[in-house]
Amino acid sequence: MDGECAGIESVNAKKAVGTARDLRFMEMALELAREAGNHAEVPVGAVLVRAGEVIGRGRNAPVSASDPTAHAEIAALRAAAAEAGNYRLPDATLYVTIEPCAMCVGAMVHARIARLVFGAREPRAGAVVSRESLAAKTWLNHRVEVTEGVLAEPCGALLRNFFARKR
């Protein structure tokens, strides 16, 4: 990166239908989200990809793991870091079904993720474009390219349907 201090570049987030590659990996993340929902967890899934290969997968599991940090993104980052033998994961892309929260964005910055692709916005806790724009926080020391809206409708519907069933 160019050395400027910046965080997630949500101000310049690209709204996209997605490339064929983006669609393929977001479908994988959606399958993980469905698995989470089938285990009574909020249905969020994440896939971490580097050089066209999946190096980490995760699905939400805070309830079953009794762990508030057991978000899909964190699980995918942990799996990839273990696989790589390094917590830094440059040149990697994280695909996640829902806009990440502040904790997950912070973890992406620390891991030096190159790109974030997410499906649906998260209006209550989204920290990329919805509730907070971490790009405005100039004290962050890494930039993550953001593409939003890849398979947004099925990603959002999965979450809406999950909460509708709980009510």
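Student: How many helices and strands make up the secondary structure of the protein?

Tutor: The secondary structure comprises 5 helices and 6 strands, where a helix is a DSSP run of H or I with at least four residues and a strand a run of E with at least two, each numbered from the N terminus. The model is a predicted one, in which local features need pLDDT of at least 70 and side-chain atom pairs count only at pLDDT 80 or more, while totals for chains, interfaces and linings use all residues. Residues are numbered from 1 along each chain as its sequence is written, and side-chain values use heavy atoms, with hydrogens and water left out.

Student: What pattern does the protein follow along the sequence?

Tutor: Read in sequence order, the pattern is β-α-β-β-α-α-β-α-β-β-α.

Student: Why is Ala 36 called buried?

Tutor: Buried means under 20% relative accessible area, exposed over 50%, and partly exposed in between (1.4 Å probe, protein chains only). Ala 36 has a relative accessible area of 0% and is therefore buried. The residue belongs to helix H1, residues 20–38. Across the protein, 49% of the 167 residues count as buried.

Student: Which residues are in contact with Ala 36, leaving aside its neighbours within four places in sequence?

Tutor: Contact means heavy atoms within 4.5 Å. On that criterion Ala 36 is in contact with Glu 41, Val 42, Pro 43, Val 44, Arg 59 and Asn 60. In the protein, 64% of the contacts with a separation of 6 or more join residues 24 or more positions apart.

Student: What makes H1 and H5 roughly parallel to each other?

Tutor: Two packed helices are described by the angle between their axes and the distance between the axes. Axes are lines fitted to C-alpha atoms, for helices over the stretch in contact, and angles run from 0 to 180 degrees between N-to-C directions. Angles under 35 degrees count as roughly parallel, over 145 as roughly antiparallel, 65 to 115 as roughly perpendicular, and the rest as oblique. The axes of H1 and H5 cross at roughly 5° and come within 10 Å, so the two helices are roughly parallel. From H1, Met 26, Leu 30, Ala 33, Arg 34 and Gly 37 make the contact, and from H5, Pro 154, Cys 155, Leu 158 and Phe 162. These residues divide into 7 nonpolar, 1 polar and 1 charged; Ala, Val, Leu, Ile, Met, Phe, Trp, Tyr, Cys and Pro count as nonpolar, Asp, Glu, Lys and Arg as charged, and the others, Gly among them, as polar.

Student: How do you know that H3 is roughly parallel to H4?

Tutor: The axes of helix H3 (residues 72–84) and helix H4 (residues 102–111) come within 9 Å and cross at roughly 20°. That angle makes H3 roughly parallel to H4. Glu 73, Ile 74 and Leu 77 of H3 meet Met 103, Cys 104, Ala 107, Met 108 and Ala 111 of H4. By class, this contact has 7 nonpolar, no polar and 1 charged residues.

Student: What is the phi of Asp 91, which is not a glycine?

Tutor: Asp 91 has a positive phi of about 65°. Most residues other than glycine have a negative phi. Asp 91 sits in the loop between H3 and strand E4 (92–98), and its relative accessible area of 62% makes it exposed. Leu 151 likewise has a positive phi, of about 55°, although it is not a glycine.

Student: Why does Leu 151 count as buried?

Tutor: Its relative accessibility is 19%, so Leu 151 counts as buried. The residue lies in the loop between strand E6 (145–148) and helix H5 (152–166).

Student: Why does Ala 152 count as partly exposed?

Tutor: Ala 152, in helix H5, has a relative accessibility of 29% and therefore counts as partly exposed. Residues up to four places away not counted, Ala 152 touches Gly 119 and Ala 120.

Student: What makes Ala 120 buried?

Tutor: Ala 120 counts as buried because its relative accessibility is 9%. The residue is found in strand E5, residues 115–120. Neighbours within four places in sequence aside, its contacts include Thr 97, Ile 98, Cys 155 and Gly 156. The C-alpha atoms of Ala 120 and Gly 156 are separated by 5.2 Å, although the residues are 36 apart along the chain.
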